[in-house]
Amino acid sequence: MKRTLPIIAVAVLVLAGADLLAGGGGFSLPEGVLLWKLRVPRVLTAILAGCALSLSGAQMQALFRNPLADPHIMGVSGGAALGAALASLAVGTGLWISGVSMVAAAFAAAFLTALLLVAVSSRVSGNTLLIFGVLLGFVFSAAASILQFTAREESLKLFYSWMAGSFAGTRYLEIIIIWAALVAGSVMALVNARGLDVILFGEEYATMVGASPKNIRTLSMISASLMTAAVTAFCGPVGFVGIVAPHLARRACASSVHARVLPVSCLCGAGLALAADILANVWAIPLPVGSTLALVGIPMIIAILLEPSCHPERSRGISSQK
Amino acid sequence: MITLSGISIGYGSRTLVKDISFTLAPGELVLLCGPNGSGKSSLLREIAKRFRSECAMVPTRIPKLKGFTARDFLRNSLFDRGYGRGEGIDQSLQTLGLEHLAQRDISTLSDGEFQKLCIASGLVRKPSCLLLDEPTAFLDAENRVLVVDCLQRLSREQGLTILFSSHDLHESAPRADWVFAIAPDGTFHIGGSEVIKKAFPNI
């Protein structure tokens, strides 16, 4: 752990430097305005979004005791996306300009989705909950599709580019909003770190050691929803970082203790988001970061699925046990 | 001293066992037995709830998760006591002869070692009474004997009151000071190991 953290931190710094150079069909350092108005905000957004989504994923994996839980898979991103779609498509482009109303709509929808997941989680197994989350995502996606029929052309264009996911085009005010959500969310996650450790062993165990599973769940869900909503509102539904980063972090620090895993997870998430952003921006026409993240993240998720520790019957790792 | 007087156990509106009264004296090792669903776990939870400051309960089927050392696992048990300074943890590991496993990942422990660690997770809270829900479940015959030996030693040497539930009546009952048996019809019997025949005539 003592050696791992500086190595990962240096790797993130190198990736941040490379991402700063990525653009315009290769690697080059642009002039002042382009650098400060486009590249720097994009790199900062990638770092903050990676941190926020990985922290959300780490909390959800502990809470639902499922190695594949993350805000995207569990439908929370989908909920945030539907909220953002409602604000941008149904109401019109006027609200699109306002970052605060987008965040408010995405946050409200993400939080309602998270509440629904918490309510369902007490009745079903981890695997069923995962399927429920995936289906919920489909329902939100269908609802957003229906909304598209009612939208005006200019709103649709904005919505489609938002749905593709991108760390580019964010303004400093929006970066501050994501940063504030990340600070608040990570403070809550760190305060709750011991709670996340005990809830992994089951609710009965948590209660016996004097913890309140309800308080742990509520604090985690507020933290994950806040961070996911802020990122999704400005960057679109960005998946896979939340699943992969916590697993990389657990491996890097050879521990599942959240006080150690959460900070490393944050760095791994930033690194993944930066890698995907570099891959998206080294071409003449930038690719959607949602797609490059899928290309980077899905092989890693498959590797996680094929690991023996992922299987509940082995009773090892964060496996879905009720 | 844990004294229960006239309590009933059940789920929702369904009562499983009525009017339970007994006293657990310091240093006693008591076996709680009964068929599945008879209310053994509910009774243990009820005692843990009523005597929160005196009792520590160890639930059954705690998962052996990867990424937690034995020390991390015991530190989790001190959730509501602030971060353990380590002496209670070391002492509990020593009491159960597990000090050499302190830095081992719990997923690599044998079932017997892990069950002893679960008992240590109760001890670390420094209770006067330990409540164990099926501590010998899923263990082979050798490890079942080792765990019951360990419970007997804790009650004799440390003066700890221990109430544990088990289905291994023939192995556990003779070692217990007395038995609390819940019969299939919901009646209960208290006494030496002979009460098992009264409660379960078909065994």
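Some housekeeping. This is a predicted model, where local features need pLDDT of at least 70, side-chain atom pairs count only at pLDDT 80 or more, and totals for chains, interfaces and linings use all residues. Residues are numbered from 1 along each chain as its sequence is written, with chains lettered from A and ligands numbered from 1 in the order in which they are written. Strands (E, at least two residues) and helices (H or I, at least four) are DSSP runs numbered from the N terminus, and strands pair if DSSP finds at least two bridges between them.

Now, the whole sheet in chain B: six strands, open, mixed in pairing, ordered E4-E5-E6-E3-E7-E8. Strands E4 (55–58) and E8 (188–191) are its edges, each pairing on one side only.

Next, B:Leu131. Leaving out residues up to four places away in sequence, B:Leu131 touches B:Leu44, B:Ile47, B:Ala48, B:Cys55, B:Met57 and B:Leu163; contact here means C-beta atoms, placed from the backbone, within 7 Å.

Finally, confidence. On pLDDT, the predictor's per-residue confidence from 0 to 100, chain A averages 85, and 89% of its residues score at least 70. Residues 311–322 of chain A fall below 50, though that stretch has 37 contacts in the model beyond near neighbours in sequence. Thanks, everyone!

Note on methods
Two residues are in contact if their C-beta atoms, placed from the backbone, lie within 7 Å.
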